[in-house]
Amino acid sequence: MAYEKLLTRNIHRDNSHTIDVYLANGGYQALRRVLKEVSPERMLEEVKTSGLRGRGGAGFPAGVKWSFLPKTRDKPRYLCVNADESEPGTFKDRLLIEKDPHLVLEGIILSAYAIDCHTAFFYIRGEFHRGYRVFQKAIDEAYARGFLGRNILGSGYSLDVLTYRGAGAYICGEETALLESLEGKRGLPRLKPPFPAIVGLYGCPTIINNVETLANVPYIAERGAAWFAGIGRPKNTGPKLFCLSGHVKRPGVYEAPLGIPFMELLNEHAGGMLHPDRPLKAAVPGGSSMKVLPAPRCDVLLDFDSLAAAGTSLGSAGGMVMDSSTCMVGALLNLAEFYAHESCGQCTPCREGTGWFVKILRRLEMGEGRPEDPDLLLDVARRVEGNTICPFGEAVAWPVSSYVTEFRSEFDDHATRKACPFGAASVR
Amino acid sequence: MPEPNVPVPAPEAPPPAAAGPAPAPPQPALPPCGPDEVALLIDGRPVVAKKGTTVLQAAGTIGVVVPHYCYHPGLSVAGNCRMCLVEIEKVPKLQIGCATQVAQGMVVKTTTDRVKDTREGIMEFLLINHPLDCPICDQAGECRLQQYSAEYGKGRSRFVEEKIHHDKRVPIGARVTFDGERCIKCTRCVRFCDEVSRTGELTLVDRGGHAIIDTFPGMALDNAYSGNTVDICPVGALTWKPFRFAARVWFLKNVPSVCGACARGCSVDLATYQNRVHRITPRHNPEVNGWWMCDFGRQTYAPVQDMPRLARPIVRPAPGGAGGPGGTAGGGAAPSMGEAIDQAAAILRAAATRHGAGALAALVSARLTLEEMHLAKKALAAAGIARLVVPPHEEGQDDDLLIRKDRTPNGRGAGLLGLGAPDAAAVAALAADVAARKVRGLVILGEDPAGDGLIRAEALRTLDALVVVDWRASATVEAAHVALPSCGYGESEGVYVNCTGHAQRTRAAVRPGGLAVPVWSILREIGRRFGLGGAHSSAPAIFDDIAATVPAFAGMSYRALGEAGAPVKGA
Amino acid sequence: MSGGGAAQGSSATVPVSPETDRRIDALLTRYPRRSSALLPALHLVQDEKGWISDESMAYVAGKIGVSPAFVAGVVSFYTMYHRRPVGKHHIQVCRTLSCMLRGGRDVMNRLRSRLGIEPGQVTTDGRFSLEWVECLGACDTAPCAQVNDEDVALLDPAQADALIERLRQGR
């Protein structure tokens, strides 16, 4: 069965990022039709029925999130596009932004229309310099051709899209931290409730959606919810961009329906393991924050529910692959340092716990470990998880608890040694 | 960034509302409540609370203490310390009590093993980078880390590595010192400067474990309310410079009183030890100052300790040989209070006889209490002195928080008792009349016109009779024929009426030295020399007399004033 | 936000060019709330001057209408704002998992030895500086890095040598 590329249909064309190429390949037709013939309420229903789940990491049904908006119109509604892609192992939004920005933009316009929003913000991480320039240019092109601004295509619907660059903070990918950053402050996550759909940007009802999520919307508009729901698996519908990196031959972004087996993605899309004599040892299917799967458990389907049943999560679909040369203690130390650098520092368990993980893991990796250290890591992780303002607590606790649990013997062994047994080949 | 704990309800479920999770099924014994209230259970006990109340607040109304650091009722909710996490039935994760609103039928549990275990964890996290400074830290004895460690902590730490280090004696403000290692980043101080003083000097800088409180480079925490950040800091990170290493708080005894630095009359506590006031802190009073006070008021006790004191009565020869029996010195080198008061009465009488009663006047301070002003009026009337002047003491402007430019605590009281409001023109006229020798006798109660530049000392020395009642060995006292030592701030009790007409009791916190006695008792004795009747045996008794005879104060009493004071209806 | 900053509303010294000053003014009305202009304004300042000084922070605080301390808090929160001058070529090497699995540490080690500086330092001639950064979202070209705002895929130490050569020759 040949899989029809949807999200990556255009990316290999020359000048795929330009509006002319986009238009020449059928772009903005869906928008034309919807603005003429489909009410915003119908559009919202269509997205709901399609079963599209958020592609940023939570997998929350997009249409359901949109329906949380209050019925009143006393405050303007805002749509914020989360282009802060910073989850280690994830680079799929960047691909769309740089290679097919108009697909994303058409999705933004359709979605803003569906939720009666007239100002949308494109929050892009500061390090995506090229992506920012390309997307701003795409926006300028869209204005010039009448797809943005006042009275789009004579429909009476108006929309402005404003770009906003982050400045280096992973936490700003969290919805409410993104809003804080957009308001010109430190990117500290907010207490919830209230949720952004009720009290969001500038206190107004706000929807935050991931880039890839919105890139699906033109297809839903063009071909309908039923068609979309036929791709993938029940409750895990639609096409998906999967990232693979680490010890694989061809690291990259691969499009497949939700539910593709991990081993098929690894071997048939990414070329299999990097070194033939170093077999798969562990893989993280969904970005560094999701629990690690040891090789024997990597025979899984890559969708939200299957991975949840397997004890991990699809997350941002940022798959990272580790072969037998990898020291799992070193790998976890690397990630623990990431989380310690990126913690916003607001709440006690995360602010203090992330630093503590690094200190314990450094001792283990440097040969100063103690037999009680693995259990200590597990207990500290247990005390962080569930007690924080935002999911960053889980994002650091899950790797710690899963690496220690799944590779316990390696951690116990480190605690007895004066040096890491993986030596130079390890992650250090 | 993944969002694994965004709730995934069934598609038909209503959106999560701001008022807490879905109600539990009907519980037994939930009391009925009004339209704006909800009934819930906290640790099995029924509570009725207004909608919008938080679980933490509702628990407080039934004496259930939910431990917390970052929450403060006078500031916005931050929810970052996580110490107030409690269990709510049907909600999978623990919820912070400071931000969770009560809902009908909610079942809250604060004593379960899960909650205890979580509190233990939070305590451990707070302590892993906290320095073991207790032996040298001012906060010891009133420190939430200490208190909660004892109540909720593990008792030992599992942290064996090097703690994060910060500067420990940062002169963050003129009166405030900051210790970066002790800070638990609760952000109460930042929120105070943003929301209350609205001066924005403080911020968190950096992030993660290295986040720390700081000011803009080269700028200081220098607003007039900086001391409040010290009060609200739950640990010893922010300390009040004048109080650093001054006394251990468990030796201090707090005496509730009223600040004397301006007409706001903030409710305060005078902390005393070994007959000295060591610090002044605000006392919560929603009618007057809320939770706060200004920095200047905190130092009100300092003058009483630092300035030269009038400890014993002084009698000096009056001009023209005027004086009572016993000659010019009246009573010898060290007169008793009684002898000095006799002399005072004698020289006033003599001056009145010589120049007429109209040549006598009095300066009455707006720093006196109502009781003192009341007796002043009676005593001066008995002595035939009709011209009473209340000098104003103004500095700066009223700000939009607490500070008043009127730097006297009882100017309003002076007006209500018929002494007249503080009046600069009247003072100037009096000074002119003294210089022109139209006024020949002056009674000065609690004022230092020579030192304040209101009446020149040389002019004062030309008077036939100068009687001064004060606690200071001031320039005016130097010119006096009779100087009678009185209590200063914090040494006797009495009532002030503040700028909004709110009356509050001050209390005696320390005993004065020497022969000083309360002003009202001196005035009573002077009055008696002129035939004034009445027992006037104590400040409360005098206040009762005020209530009985001055319509504005009808029905008031010390008991009715209580801790927070009461509005003066006639004000 | 409250005022109270040294440069509140005044034009005491404007530490940026008139062009940057004009562009910052334009930002003040670009977004529905003026406060949002803070991050973009700081980017503009850094684009011109290469880093953000105390003076710049006070100036921006006055433009936005927030206290200087507030701006200091924001600047220190985000890693892309430099509080000290960086090199003409600021090399940022990714240190997160996928890049480390593919030899990122060897790349950084080569850069360190060739330039004679550690991450966080600037060469004495001011031409180069090094920094470890977190995942740049380019794991398919790991190990990866950025030089100022340009992406580089540093696949091995030899490529690191070539990069330094290229930069030294001004290419």
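Predicted model: local features only at pLDDT ≥ 70, side-chain atom pairs only at ≥ 80, totals over all residues.
Helices (H or I, at least four residues) and strands (E, at least two) are DSSP runs, numbered from the N terminus.

**Helix α2 of chain A**

- Helix α2 of chain A spans residues 29–37, and its buried residues include A:Ala30, A:Leu31, A:Val34 and A:Leu35.
- These four residues lie on the same side of α2(A), because they cover an arc of only 125° around the axis; the arc is that of the directions from the helix axis to the C-beta atoms.
- An α-helix has 3.6 residues a turn, so residues three or four places apart point the same way.
- The cover over the buried residues of α2(A) includes α3 (40–50), α6 (101–114) and α10 (217–223) of chain A, a contact being two residues whose C-beta atoms, placed from the backbone, lie within 7 Å.

**The parallel sheet of chain A**

- An open sheet of 4 strands, in the order β3-β2-β1-β4, occurs in chain A with parallel pairing; two strands pair if DSSP finds at least two bridges between them.
- β3 (160–165) and β4 (206–210) of chain A are at the edges and have a single partner strand each, so one side of each is left without a neighbour in the sheet.
- From one strand to the next, the twist averages 20°; axes are lines fitted to C-alpha atoms, for helices over the stretch in contact, and angles run from 0 to 180 degrees between N-to-C directions.
- Strand β1 (residues 78–83) of chain A is joined to strand β2 (residues 119–124) of chain A by 6 bridges, and the two run parallel.
- A:Cys80 has A:Phe121 in β2(A) as its bridge partner.
- Helix α6(A) packs on the sheet and touches β1, β2, β3 and β4 of chain A; the direction of α6(A) makes about 150° with that of β1(A).

**Domains of chain A**

- The domain assignment divides chain A into domain 1 (19–229), domain 2 (240–323) and domain 3 (328–422); such bounds come from an automatic or database domain assignment.
- The C-alpha centres of domain 1 and domain 3 of chain A are 35 Å apart.
- Contacts between these domains involve 9 residues of domain 1 of chain A and 8 residues of domain 3 of chain A.
- The side of domain 1 of chain A that touches domain 3 of chain A has 7 nonpolar, 1 polar and 1 charged residues; Ala, Val, Leu, Ile, Met, Phe, Trp, Tyr, Cys and Pro count as nonpolar, Asp, Glu, Lys and Arg as charged, and the others, Gly among them, as polar.

**Chain B overall**

- Chain B contains 17 helices and 21 strands, and its C-alpha atoms fill a box of roughly 100 × 55 × 35 Å along the principal axes.
- Of the 571 residues of chain B, 50% are buried.
- The domain assignment of chain B gives domain 1 (37–111) and domain 2 (314–567), with 53 Å between their centres, taken over C-alpha atoms.

**Contact of chain B with chain A**

- Chain B gives 35 residues to this contact and chain A gives 47 residues.
- Helix α2 (residues 113–128) of chain B supplies the largest share of the side of chain B that touches chain A, 6 residues.
- That side of chain B divides into 20 nonpolar, 8 polar and 7 charged residues.

- β7(B) and β8(B) run antiparallel and are joined by 4 bridges, and B:Val205 stands opposite B:Ile212 in β8(B).
- The hairpin of β7(B) and β8(B) has 6 residues between the strands, and B:Asp206 takes a positive phi near 60°.
- Helix α4 (residues 188–195) of chain B has 7 of its 8 residues buried, and its cover includes β7, β8, α5 (227–232) and β9 (238–240) of chain B.

Conventions
Residues numbered from 1 in each chain as written. Chains lettered and ligands numbered in written order. Buried ≥ 20, exposed ≤ 12 C-beta atoms within 10 Å, placed from the backbone.
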